[in-house]
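This report describes one protein model, part by part. Look at the structure first, then read on.

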Amino acid sequence: MIVERLKLQQFRNYDNADVSFEKGLNIILGQNGAGKTNIVEGIYYLSFARSFRTLNFRDLIKKDKEFASISAKVLIDGSKKDIRIIITEEGQKIICNRVEITKLSSLADLINVIVFEPKDVNFFQASPRLRRSYLNMQLSKLSNKYLEACSKCAKLTKERNAILKSSNVNKVHLEVITDQLIEKSYEVCKMRKEYLIKLEPLINKTLKAISSINRLVKLTYNSFVTFENKEDFMQNAKKAFRDSLENDLKYKVTNIGVHHEDFSTSLNEALIGNFGSQGEKRMVAIALKLAPYFMVEDKEKRPIVVLDDVLSELDQEHQEKLLAFLNKFNQVFITGTNIDSSCNATIYEVKNQNVVRRNNRGR
């Protein structure tokens, strides 16, 4: 998939921006605060109908304006799609080829964007919620079944919590809902476990290509129960919920489950969050974000890649390694204040709310 053209209207600092992009590497340069990250934020928004920088719609609408608009012409599996998202304080409206999209999952099926941003260097020390979000986003793009299972688990957990909060807990109803939650949780846990097993060798391959780190990355899935098969899971999960029941009743909330899970990352069996250098954390975090690209078997449907300010903390050798590796991707957007390496890329400069192409590669 390729973003051929992007138009931003009253989005962030832009009144009107209209930019055509190329396949391969697109590098967007500008001073801090010029609006280069706003460009890639608009591209990311096309995939998830949300920002990677804020949860507040108001932040996306230019000051004193009533709405913002993101429009794009996207080449998807050989066919062109015109996508527009209109953002207001009340919500948003998504239109594809003049037909309104009412389900975000339908948008997710159209466009896939993966993003690295500077704060991702803290990925391994951050709250488990961030790592769960990473798993949920990646798996939801690969499997509607996973998205449905997660949604069902969230609904059942909410229902279970409502029973726990009632003044007179119905134990029979609680057990029925718990059994349904365990059944659906197995689907989520199974897919998370399988995903991390498949992802691990791809991360190691990516890390080897973009860095000088020669140590082995290991991903460990920290499920709320251990299991080898469904029978194991059902038995262990039922025991775990029985053991947690007293606390659940005391605190009136479900204290265990897929909504509390995590995964850990180690280099040669040492947890990178605790023992890795800042440089190691950065390179492994980049590899973790890029590796899912290769999980998509259909090359025409592989994600668009956004790397926000990824080069500023890399020396020239690592910049060149990364840029050479990224030449294998269908389309990549990189933002930065400058670039020290020569590379086969289309260069854009952001200045005074204008985005100007500095060269004509691909034309």
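C153 is buried, with a relative accessible area of 2%; buried means under 20% relative accessible area, exposed over 50%, and partly exposed in between, using a 1.4 Å probe and protein chains only. C150 is buried as well, at 18%. The sulfur of C150 is 6.5 Å from the closest cysteine sulfur, that of C153, which is too far for a bond. A disulfide is a pair of cysteine sulfur atoms within 2.5 Å, and a search of the whole structure finds zero of them.

## About the model

This is a predicted model, in which local features need pLDDT of at least 70 and side-chain atom pairs count only at pLDDT 80 or more, while totals for chains, interfaces and linings use all residues. Residues are numbered from 1 along each chain as its sequence is written, and side-chain values use heavy atoms, with hydrogens and water left out.

## Nonpolar cores

A nonpolar core is a set of buried Ala, Val, Leu, Ile, Met, Phe, Trp, Tyr and Cys residues joined through side-chain atoms within 4.5 Å. The largest one has 73 residues, and L199, F233 and I334 have the most contacts inside it. Helix 5 (residues 171-210) gives the largest share of this core, 15 residues. Helices (H or I, at least four residues) and strands (E, at least two) are DSSP runs, numbered from the N terminus.

Contact means heavy atoms within 4.5 Å. Beyond its neighbours within four places in sequence, F233 is in contact with residues including I182, Y186 and F224. A second, separate core of 44 residues includes I43, I70, I101 and I111.

## A buried arginine

R131 lies in helix 3 (residues 128-142). At 6% relative accessibility, R131 counts as buried. Its side chain reaches the backbone oxygen of F263 at 3.4 Å; a polar contact is a pair of N or O atoms within 3.5 Å, where within protein one must be able to donate a hydrogen and the other to accept it, and residues adjacent in sequence count only if both atoms are side-chain atoms.

An open sheet of six strands has the order 8-12-13-3-14-15, with mixed pairing. Two strands pair if DSSP finds at least two bridges between them. Strand 8 (113-116) and strand 15 (354-357) stand at the edges with a single partner strand each, so one side of each has no neighbour in the sheet.

Strand 8 and strand 12 (residues 304-307) run parallel and are joined by four bridges. V115 has V306 in strand 12 as its bridge partner.
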